[in-house]
Amino acid sequence: MIERKALSMVILALVGALVVGTLACSGGTDTVRLATEGQYHPFNFINDGGEIDGLEKEVGDELCSRAKLDCEWVLNEWSDMIPDLVGGEIDVIIAGMSITEERDETIDFTEPYYPPAPSVYLALAGAGDEAVHGRLGAYADTIYSDYFTKQGIPFIEYSSEDDRLEALLSGDIDASLVDHAYAVDKLREYEGRLAVVGSSVLLDRGIGMGLREESGDLRVKLNEAIGSMKSDGSLNELIRKWVGEDAKTF
């Protein structure tokens, strides 16, 4: 979801760290650091026991097992995901990050572990399609904020998903553009209070794991593991478990 215009300057400032990080990911370290945000239910969140949980936690653990990788999970700020990956502080981003052409110019991606799905507008129930022409909200540094900016559509930027959702529920904004899985989850959680309005918009090529470019055989191993989960149906099973029967599957 990150598309900062200042990324090129960050990359230049971290060229040395990039080289070190790339070597580490190619076999210089035994531990692969998986970074997630912990604030994007049902993909990733912190459960009542204080542990990372969600679709991506289960998928990530299974992929590491199949790829025979020693993995550890770390929490990372969303806005720092790509800079920290490039700088070698983390090895893999698994945080609901959509695969886009812009991001693909800076980092590498695995094959998608969640299929492409049109994004939708969420609004209060009864608001109607006109809500998409009202006050719009978007999570900062995401494909949604970038889409509004490119289209010249005014919007209010929020620094967290919780703040954006609260603004929608309280009527501070009229609608918010979100991914399909998030919408399904919130429609279920706030049954009768929210509705999908307006037209859907396809903005990505699915959700994948972000890697440093020239990541050695790590990408190959993870892609093989993703492929095996798709083949035996276990990936679709986990998607339905966390998102529901209305989820997009492979």
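Where is Asp 141 found? In this predicted model, Asp 141 lies in the loop between strand E9 (136-139) and helix H6 (143-151). The backbone at this point deserves a look. Most residues other than glycine have a negative phi. Asp 141 is not a glycine, yet its phi is positive, at about 60 degrees. Asp 141 counts as buried because its relative accessibility is 16%, and buried means under 20%.

A second residue with a positive phi is Glu 214. Its phi is near 55 degrees, and Glu 214 too is a residue other than glycine. Glu 214 sits in the loop between strand E13 (210-211) and helix H9 (218-232). Is Glu 214 buried or exposed? Its relative accessibility is 66%, so Glu 214 counts as exposed; the cut-off for exposed is over 50%.

The next backbone feature concerns a peptide bond. Most peptide bonds are trans. The bond that joins His 41 and Pro 42 is cis, with omega at about 5 degrees. Pro 42 belongs to the loop between strand E2 (39-40) and strand E3 (44-46).

Asp 162 has its place in helix H7, which covers residues 161-170. With a relative accessibility of 54%, Asp 162 counts as exposed, because exposed means over 50%.

Definitions and conventions:
Residues numbered from 1 in each chain as written. Predicted model: local features only at pLDDT ≥ 70, side-chain atom pairs only at ≥ 80, totals over all residues. Heavy atoms only, no water. Helix = DSSP H or I, 4+ residues; strand = E, 2+ residues; numbered from the N terminus. Buried < 20%, exposed > 50% of the residue type's maximum accessible area, 1.4 Å probe, protein only.
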